[in-house]
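User: I have a structure open and would like to go through it with you. Could we begin with how the terms are to be read?

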Amino acid sequence: MKLHLAAALALALASGRPADADGTSIRGGATPAPSAGLGCGADGSETCLPFAAVKSYAQLNACLAQAFPTGRNDTVAFLRYNDGSGKDFVKITDPTSGEDYADARYLDSGKLPGYEDLAASVDSNEVRWPAVIVYAETEEEVVDAVNCAVGAGYKIAPRGRGHSYRALSLMDGYVVIDVSPMCHPDEFELTREVDDWLLPGQKRIGKIKNGPGCTNAVMLGYTHKHFAPEEGGLYAIGSCPSVGIVGYSTGGGSGDATPWIGWGVDDVLEVDMVLHDGTKVTANEEENSDLFWAVRGGGSGLGVITSMTTAVVQSPEPTSGERKFLQFRLYYKTADDDERKTFLVCARWGGGGGFGDEESHLSGIFLGSIDEFLDIFGDAGLLDAALLDETKPTDCLSNYEVCEYPDDLPTFGLKVREFESYGEAILTNICGMKVESPATNLLMISLSEGLSWCKDLGISEEKCFDVAVPAAPGVPDFHFRLPDCDDPDVISAFADAAIDPISFVNRQGPFAVGANGAGGLLLPRLEVDLFNQIAKEVGISVNHLQHGAAMSKSTSDTAYPWRDTALLIEPPGSEDLSKIANMLATQHYEDGSNGLQGYYNYMNPPGNPNWRQYYFGGNYERLTLIKAKYDPMNYFGNPYQVEPAIDISSAPSTDERGTKISAIS
């Protein structure tokens, strides 16, 4: 009998998997083998079981004191505002460190003046107590922290920017190694070189080697600064600026440019890592290729990444004139079955949308000019006047000035902004999301000093306006001053703040802590009737689209398995997620709920017994072999990371294409 996701989600509310000595449900039911040989069977077989080593806090503390003699007193810069004020964190803290430990656990959440108790009310169901939190500033400090943790019998939770939906970088009893200080744009290695990319005619025009503590915003700001608009340099990021680029890229990685650039895992060209035994390794297509394969979509859990090299891809050649970049939104008034249009029209546009019973919209980035946009979307019927919402007059700007309206530009139902650079288009899109929907985007806004973006950005207060944002029940409204995102001075200042790793743009606010919502679900291309049914009965909220380049690779090219999914959705609650999952399981997938495809970066609540298939598909077995090679004792394991293979003696030596699997060689 097949268990649908709805049933799995119900189970999540009623029970949990058995916990091991670390309280993390790593491998329910497993017991240590009676061997002195690092957990392997005394009978000489190749059967190994992950085990919970006996912990010694005294040994851990002594080791850290030797490796970091002043670590309990040293601080690292966490947050800086435009006027130089901000917040520093103590380099090493534990539960005896009081407020310093609380800050390090929750990343300074809830410190908004007058709202100090808000974080506790929001996070009451997600209390985590790591054994120690270490802020690592160099690769050698990562090595020292790993050696101290493993030597004392502790598991390790690497943390970049702390955006895990299930807070997996903040585990009970673990040593948390926070690498967010390891981001220095002035030390990035930028290589300009031309090579083919995923789709015919595409070009990669460079690569960037950066530290593991960098964010979406830092990488966007760096690319914007170092590639001239006419070069058309694109760097793939998600929609949230403070998300860490390592977690984004290795867990899948979807954003507005994904249809042209590919998944985040496709953009990774090389990583440097520290393994459980303190060994430093490099992984790419030629060196440690099995590790490189697993890092790209395998859910991490193999070591601590200390640097990453990723691609810069060129935007499409313009059909005429100079390169342009659009940020747009289309408003539709109807969702009638016979008027539903195909909207995955080309790889030059990506973004998201909403589809409901009464109205729908599309929004995102288009890699081209207004004229090119009108040609492609017009030919697809997406600009038909009968579909567009006539209550919303067209709002068109080009380079921050009112457009000269082309004859075929709709007079209603469209908001469009044309820019000379990709960076401006993405920054305007991010700014607009925060400003237009502040109630649902407090992750960043709430770390604004004095609650004014203009003060934070160092620009005139005249460029900001007052906004009251409803807070939690019983908590007074937040009052902010937010900027005009159509102002070039705002976007220029935003770009400067984006490239600064410790600016408010790169830090999350109090609602970003702990487990978040229902998580996401990936949808393949659906029959129109089923799409309409879901839209009308539940509603479809699309975070990102993955057509085009994202579909160009096979399921075995990287560990990321879902190469036939066109939409990444994030329903508002578990009930809606369950309804959609059941519709797909009963009406689309031949193998029922086994066909459902989960997105590791938007992890669902625990309780799904089919999580291995749900997140990793047919790549899970191969991932367990690689895990057994690089982290056999599961020191980096947590409830939803790949487990080491127990018995590799009968494992296949080649993958489905006949390629040798080096993890067992």
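Analyst: Angles between elements are taken between N-to-C directions and run from 0 to 180 degrees, with axes fitted to C-alpha atoms. Please note that this is a predicted model.

User: Understood. Which strands does helix 16 lie across, and at what angle to strand 22 does it run?

Analyst: Helix 16 (residues 528–537) lies across strand 14 (349–355), strand 22 (540–545) and strand 23. The helix runs at about 120° to strand 22.

User: Which of its residues are buried in helix 16, and what covers them?

Analyst: L530, F531, N532, I534 and A535 are buried in helix 16. Their cover includes strand 14, strand 22, strand 23 and helix 17 (574–587). After helix 16 comes G539, with a positive phi near 100°.

User: What is the strand order in the open sheet of 9 strands?

Analyst: The order is 17-16-18-13-15-14-22-23-21, with mixed pairing. Strand 17 (401–402) and strand 21 (521–524) stand at the edges; each has a single partner strand, so one side of each lacks a neighbour in the sheet.

User: How does strand 21 pair with strand 23?

Analyst: Strand 21 and strand 23 (residues 565–569) run antiparallel and are joined by 4 bridges. Within that pairing, P524 stands opposite T565 of strand 23.

User: And where does helix 12 lie?

Analyst: Helix 12 (residues 422–436) lies across strand 13 (325–332), strand 15 (360–366) and strand 18 (414–419). Its angle to strand 13 is about 40°.

User: Which residues touch the most other members of the largest nonpolar core?

Analyst: They are L330, F343, F373, L567 and L584, in a core of 160 residues. There is also a second, separate core of 27 residues, which includes V146, A149, I156 and M633.

User: Back to F343: what is it in contact with, leaving aside neighbours within four places in sequence?

Analyst: F343 is in contact with W349, F355, L362, L382, F531, L545 and L567.

User: Changing topic: how many disulfides does a search of the whole structure find?

Analyst: The search finds 5 disulfides. C396 and C403 are linked with their sulfur atoms 2.0 Å apart; the link is left-handed, with -75° about the S-S bond, and both cysteines are buried.

User: What about C431 and C485?

Analyst: Their sulfur atoms are 1.9 Å apart. The torsion about the S-S bond is about -75°, so this disulfide is left-handed. C431 lies in helix 12 and C485 in the loop between strand 20 (478–483) and helix 15 (488–498), so the pair ties together parts 54 residues apart in sequence. C431 is buried at 0% relative accessibility, and C485 is buried with a relative accessible area of 10%.

User: And which hand does the link of C454 and C464 have?

Analyst: That link is right-handed, with 105° about the S-S bond. The S to S distance is 2.1 Å. C454 is in helix 14 (residues 453–457) and C464 in strand 19 (residues 464–469), 10 residues apart. Both C454 and C464 are buried.

User: Where do N399 and N634 lie?

Analyst: N399 lies in the loop between strand 16 (395–398) and strand 17, and N634 in the segment after helix 19 (620–630). N399 has a positive phi near 50° without being a glycine, and N634, likewise not a glycine, has a positive phi of about 60°.

User: Is N634 buried or exposed?

Analyst: N634 counts as buried at 2% relative accessibility, because the cut-off for buried is under 20% relative accessible area. N399 is partly exposed, with a relative accessible area of 27%.

User: Finally, how do strand 10 and strand 11 pair?

Analyst: Strand 10 (residues 268–274) and strand 11 pair in the antiparallel sense over 4 bridges, with V271 opposite A283 of strand 11. Their hairpin has 5 residues between the strands, and G278 there takes a positive phi near 85°.

User: Which residues of strand 11 are on the covered face, and which on the uncovered one?

Analyst: V281 and A283 form the covered face of strand 11 (residues 280–283), while K280 and T282 form the uncovered one. In a regular strand, side chains alternate between the two faces of the sheet.

How values were computed: Residues are numbered from 1 along each chain as its sequence is written. This is a predicted model: local features need pLDDT of at least 70, side-chain atom pairs count only at pLDDT 80 or more; totals for chains, interfaces and linings use all residues. Side-chain values use heavy atoms; hydrogens and water are left out. Buried means under 20% relative accessible area, exposed over 50%, partly exposed in between (1.4 Å probe, protein chains only). Helices (H or I, at least four residues) and strands (E, at least two) are DSSP runs, numbered from the N terminus. Two strands pair if DSSP finds at least two bridges between them. Contact means heavy atoms within 4.5 Å. A nonpolar core is a set of buried Ala, Val, Leu, Ile, Met, Phe, Trp, Tyr and Cys residues joined through side-chain atoms within 4.5 Å. A disulfide is a pair of cysteine sulfur atoms within 2.5 Å.
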